[in-house]
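Hi everyone, thanks for coming. Please have the sequence and the 3D view open, and we'll walk through this one together.

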Amino acid sequence: MQHITRLNPHTLPLHGVAASRNLEQQAAALLPAHTLMQRAGLSVARLALAMAPHARTIWIACGPGNNGGDGFEAAVHLHQWGKTVHLTWTGLGPTQAALPPDARAARDKALAAGVPMVNEPPAQFDLCIDALLGLGGRLDASRAGNALMLDWLARMQASGAPRLSVDLPTGLDADTGVASDLIAACAVSTGATAHFTLSLLSLKPGLFTAQGRDHAGQVWFDDLGAGALLGEAVGSSANAWLLGADQGGTVSKLTQAHASHKGSFGDVAVLGGESTATSHMAGAALLAARAALHAGAGRVYVALLGSPAVSVDLLQPELMFRNIAAVDLAHSVVVCGCGGGTLVAGVLPKVLQEAPRLLLDADALNAIAQDAAVQTLLTERHVRGWATVLTPHPLEAARLLGTSAASVQAQRLGSAQTLAERFACVVVLKGSGSIIAAPGLVPRINPTGNALLATAGTGDVLAGMVGAAIARGQSAHAAACSAVYAHGQVADVWAEQRGERALTASGMWG
Ligand SMILES: NC(=O)C1=CN([C@@H]2O[C@H](COP(=O)(O)OP(=O)(O)OC[C@H]3O[C@@H](n4cnc5c(N)ncnc54)[C@H](OP(=O)(O)O)[C@@H]3O)[C@@H](O)[C@H]2O)[C@@H](O)CC1
Ligand SMILES: Nc1ncnc2c1ncn2[C@@H]1O[C@H](COP(=O)(O)OP(=O)(O)O)[C@@H](O)[C@H]1O
Ligand SMILES: [K+]
């Protein structure tokens, strides 16, 4: 069993519903009947004991399928270890669902062991286990038995007792991380220690993106021996990968040759920060430029759009200000769009045709969404072997896809991959569990970061960090992975060291 933290050393494979079922079938075929569920139940019981070693009364709520079966298996162990276990099962009611064979065997074993099956949850309990629905479940208020499940989930939430969700929190979609509206009240706050999810056989992408992190709490993983049984089939059937330090780490400047000079670390040029009579967005460009500098770029240039009132950054005098005509687009990594306003549309065709290494953010993405000719210039870059990274937040992604932010959020992995394929670019779809997608590659999900980042300007900082990573020699995809990971880590370290104190974009370094 493994605790999945934000600092996993290795990038881990994630499997959605279909891929998980496939692995389950392959593993089950190599094992005696019921073995996987027996392993799952033992694992649940062990984690329950570790979570709440002094718990005396444990309530296990079992549902109509194999998720419930895992609960029955766990009940047997916890009962034998001297705990007072109360089992409730949705099948006891008038619906009397027929259990699948594994779960039926587990239920019969629990009854034979003398675990009491009760109609009502205990009035008081020290730990509760949600074994209602897993991979095959979808909460639906109109279905028989769901009112009961919702009542039980509400009681678990209201109790404040530690909760262990088996495989998935009931109501969370394993593929997308979308939580049913019916469990909106069951989210845990970031950093809560009293809510655990034990993912079984495979890790599910939905635990790590969209609303997944809010509902899963601390994620643990037991592959039930599938890795040893199936070997490479596990990685090759992954629907996504959870970034670990091996792909998220940055290269230290001190590991470079002593004879390095500023040119060795590459140039970044930030184009954006529109100034008009009524609006001044230079700050966005300065944030990206400063972030690039602090992320290790050798030299950073800033070209502001419109009628800029600044030609020096007094807090970061290392930044060099240029007119856009004086920027060496061919030899710099160009970060274009931060605070770019409407004027950025005017420079986009030139940038797309002259900058071989380019990151497009914010208003540059909005301008692309509105102009089919510019979209063609964007996709043509790939033919030339040029590197392009797009860093949309969900609304910007929606504009590029001609859809709504809600539909992007409903399919974060799919939306990021569609954008990557359509524009032949690396795409970072930002937000909780940022997705990094590239044509022909399995998408990555970033495990770092928290809601402290939900403040203006942190996206500009990310753009600068990705630009710097490319300037220092990483491929567009590797740079996006490492910078997104490092950006989130800043917020995680901040939360550990300073708790709730607000993090500002310009406070992300130093
Ligand atoms: N087999 C094994 O060896 C292993 C299994 N494992 C465990 O099995 C879990 C997957 O089991 P599962 O496929 O049975 O799905 P599960 O989520 O329990 O429920 C599906 C059942 O509920 C029903 N149902 C669905 N929605 C409903 C609703 N709203 N209201 C009422 N009913 C609803 C649905 O009926 P249907 O919708 O098809 O009519 C079906 O009968 C997995 O998450 C893991 O915990 C692992 O430990 C590995 C080893
Ligand atoms: N709740 C959150 N959890 C993790 N990361 C977040 C969260 N909210 C925002 N972020 C991150 O903060 C950054 C915000 O970027 P963006 O929305 O472009 O803001 P802005 O344009 O104001 O800079 C992105 O990297 C995003 O992934
Ligand atoms: K569950």
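Let's start with helix α3, residues 66-80, which lies across strands β3 (57-62), β4, β5 (127-131), β6 (163-166) and β7, running at about 160° to β3. Before we go on, please keep in mind that what you see is a predicted model. Another helix, α5 (residues 146-159), also packs on this sheet. Helix α5 touches β3, β4, β5 and β6, and its direction makes about 150° with that of β3.

So what does that sheet look like? It is an open sheet of 7 strands with mixed pairing. If you want to trace it on your screen, the order is β1-β8-β7-β6-β5-β3-β4. The edge strands are β1 (2-4) and β4 (84-89), each of which pairs on one side only. On average, neighbouring strands here are turned by 20° against each other, if we ignore direction.

A quick reminder for those new to this: the strands of a sheet pair through backbone hydrogen bonds, and the pairing can be parallel or antiparallel. Let's zoom in on one pair. Do β7 and β8 run parallel or antiparallel? They run parallel, with 5 bridges joining β7 (residues 195-200) to β8 (residues 218-222). Within that pair, L200 stands opposite D222 in β8.

Which residues coordinate the potassium ion, ligand 3? They are N67 through its OD1 atom, and D130, L133, V166 and L168, each through O, at 2.6 to 3.0 Å. Along the sequence, these donors are spaced N-x62-D-x2-L-x32-V-x1-L. N67 lies in helix α3 and V166 in strand β6, so this pair ties together parts that are 99 residues apart in sequence.

G65 lies in the loop between β3 and α3. Leaving aside residues up to four places away in sequence, G65 touches L99, P100 and A103. The C-alpha atoms of G65 and G137 are separated by 8.3 Å, although these two residues are 72 apart along the chain.

Helix α3 also has a helix partner. The axes of α2 (residues 35-51) and α3 come within 7 Å and cross at roughly 60°. That angle makes α2 oblique to α3. The crossing is right-handed. On the α2 side, the contact includes M37, Q38, A40 and G41, and on the α3 side it includes N66, G69, D70 and E73. Sorted by class, the contact has 8 nonpolar, 5 polar and 2 charged residues.

Let's move to the other sheet I'd like to show you. This open sheet has 11 strands, again with mixed pairing, in the order β2-β9-β18-β17-β16-β15-β14-β13-β10-β11-β12. At its edges are β2 (12-14) and β12 (320-321), each pairing on one side only.

Here is a pair to look at in this sheet. Strands β16 (residues 426-429) and β17 (residues 435-437) pair in the antiparallel sense over 3 bridges. In β17, I435 is the bridge partner of L429. Helix α18, residues 476-498, packs on the sheet and touches β15 (387-390), β16, β17 and β18 (444-445). The direction of α18 makes about 20° with that of β16. Helix α11 (residues 344-354) lies across β10 (267-275), β11 (299-306), β13 (333-336) and β14 (357-360), running at about 155° to β14.

The axes of α10 (residues 282-294) and α17 (residues 458-471) come within 7 Å and cross at roughly 40°. That makes α10 oblique to α17, and this crossing is right-handed. From α10 we have A284, L287, A288, A291 and A292, which meet D460, V461, G464, M465 and A468 of α17. These residues divide into 8 nonpolar, 1 polar and 1 charged.

Note on methods
Residues are numbered from 1 along each chain as its sequence is written. Chains are lettered from A and ligands numbered from 1 in the order in which they are written. This is a predicted model: local features need pLDDT of at least 70, side-chain atom pairs count only at pLDDT 80 or more; totals for chains, interfaces and linings use all residues. Side-chain values use heavy atoms; hydrogens and water are left out. Axes are lines fitted to C-alpha atoms, for helices over the stretch in contact, and angles run from 0 to 180 degrees between N-to-C directions. Helices (H or I, at least four residues) and strands (E, at least two) are DSSP runs, numbered from the N terminus. Angles under 35 degrees count as roughly parallel, over 145 as roughly antiparallel, 65 to 115 as roughly perpendicular and the rest as oblique. A crossing is left-handed if the near helix is turned anticlockwise from the far one by less than a right angle, and right-handed if clockwise. Contact means heavy atoms within 4.5 Å. Ala, Val, Leu, Ile, Met, Phe, Trp, Tyr, Cys and Pro count as nonpolar, Asp, Glu, Lys and Arg as charged, and the others, Gly among them, as polar. Two strands pair if DSSP finds at least two bridges between them. Donors are N, O and S atoms within 2.8 Å of the metal (3.2 Å for Na, K and Ca); water is not among the atoms, so sites may look incomplete.
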